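Dear colleague,

Please find below the structure that I am handing over to you.

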Amino acid sequence: MNMNDVSFERERPDVYGDAHPKALLRVIQEDGDYLVKLANQHIVSGDQFDQDTMKQLFRLAAKIESNPKRFSSPLQNKILISAFYEPSTRTRLSFESAWHRLGGDIMSITDRSTTGIAKGECLADVAEMFNNYGDCVVLRDNNESSLFEMMDALRIPIINAGNGVDEHPTQALADMYAIFKWRPELIDAANNTKIRIGVIGVPNKMRTVRSFLKCLSVFPHAVEELVIIHDEASSTDLFGVGQREELEARGIHITTSTELEEVLSSLDVVYINAISWEGDTFNTYGSAFHLTAKSPLKEDAIILHPLARGEELSTDLDHTTHNWYFSQARGAVFLRMALLTCMVERAERVIDVV
């Protein structure tokens, strides 16, 4: 660091992989009916999104990202309850940034020991109180069942921001948004454009991977092959019951490999994760796999990572064109802005904004 020059450049692109979202706008025709329907849904799983709804969410996210100053007030007088009972940096701040940017207010809980839950209060009672205090709940909990225990008592929408090893649907939507910004032509099956995607991770153990594969399978026309790259130790527990069969039934051709170097040069997208939250702690999988600037990546291949990263993703990739993981995190704010606006019955305020 040069202490003689502490200036910075505001106009410099935030991240590598910062494709202009207007390219995505041009390939998706607006149809607000699909967005209005989100006002009557909790967001629990990647399974609940069809292709039309996802496309309209991506279009709205791209519209907001293209001109964020035009969307500074849709959530005025709306309150978000941000309940994160498991450690989080990007997801919590991304949701809270999204809500603030839309003009809303936030009540944040980051430690269950400061709530009535620590005194034995049941989650259904907590949910009843949330109905009176806010307009939307974002919940992250290391217990898979907490989300479902609260849902029956809620009369306001709740978003699953990660429940144990189960799912993380908005991360998956952000992942798909990044891919379609990179290659907008993949949206339309008529283009007959397909890519090979490699996922370094364990679909049965990682909520980010589980949700990503569910959302990916909504666009099977865009996927030539999905390669699951894993270590030998995960071979017997790679997929959950029916997980692989469901993806294949949707039209995804799946292969598996334990040799990263052998398949890397053929992949257009590399999605890597190593951490799985399990109970009150986390486990690391595939510690033998590492991506660096010396890895045999295709020249135009991109890397996605839900972050936080460890040794599996070297920082020497940060200043290469393979780096789309920072753009992925940046775009998640705009994707969540789009989703949150629709969930609290404010879609009509943004649908016709140009």
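I begin with a pair of helices. The axes of helix H3 (residues 51-66) and helix H11 (residues 325-343) cross at roughly 115° and come within 8 Å of each other. This crossing of H3 and H11 is right-handed. On the side of H3, the residues that take part are Leu57, Phe58, Leu60, Ala61, Ile64 and Glu65, and they meet Arg330, Phe334, Leu335, Met337, Ala338, Leu339 and Cys342 of H11.

Please bear in mind that the model is a predicted one. As for the protein as a whole, its secondary structure comes to 11 helices and 11 strands. Its radius of gyration is 20 Å, close to the 20 Å that the globule rule gives for 354 residues, so the protein is as compact as a globular protein of that length. Along the principal axes, the C-alpha atoms fill a box of roughly 55 × 55 × 45 Å. Of the 354 residues, 57% count as buried. Among contacts with a separation of 6 or more, 74% are between residues 24 or more positions apart.

The next point concerns a sheet. Five strands form an open sheet in the order E7-E6-E5-E8-E11, with parallel pairing. Strand E7 (254-257) and strand E11 (302-304) are the edge strands, each pairing on one side only. On average, neighbouring strands of this sheet are turned by 20° against each other, direction ignored. Helix H7 (residues 169-182) packs on the sheet, where it touches strand E5 (195-200), strand E8 (269-272) and E11; the direction of H7 makes about 170° with that of E11. Between strand E6 (residues 223-229) and E7, which run parallel, there are 4 bridges. Leu226 stands opposite Ile254 in E7.

Two residues with buried positions may interest you. His230 lies in the loop between E6 and helix H9 (243-249). His230 counts as buried because its relative accessibility is 6%, under the cut-off of 20%. Neighbours within four places in sequence aside, His230 is in contact with Gly201, Ser235, Leu238, Thr256, Ser257, Thr258 and Phe289. Lys214, in turn, has its place in helix H8 (residues 207-216). With a relative accessible area of 14%, Lys214 is buried. Residues up to four places away in sequence not counted, Lys214 touches Ser45, Gly46, Asp47, Glu167, Leu247 and Arg250.

Finally, some details of the backbone should be noted. Leu307 and Ala308 are joined by a cis peptide bond, with omega about 10°. Ala308 is placed in the loop between E11 and H11. Asn77 has a phi near 70°, a positive value in a residue other than glycine. The loop that holds Asn77 runs between H3 and strand E1 (79-84), and Asn77 is exposed, with a relative accessible area of 71%. Asn192 also has a positive phi, near 55°, in a residue other than glycine. Asn192 lies in the loop between H7 and E5 and is exposed, its relative accessible area being 61%.

With kind regards

Methods: Residues numbered from 1 in each chain as written. Predicted model: local features only at pLDDT ≥ 70, side-chain atom pairs only at ≥ 80, totals over all residues. Heavy atoms only, no water. Pairing = 2+ DSSP bridges. Axes fitted to C-alpha atoms, helices over the stretch in contact; angles between N-to-C directions. Contact = heavy atoms within 4.5 Å. Buried < 20%, exposed > 50% of the residue type's maximum accessible area, 1.4 Å probe, protein only. Left-handed = near helix turned anticlockwise from the far one by under 90°. Rg over C-alpha atoms; globule rule 2.2 N^0.38 Å.
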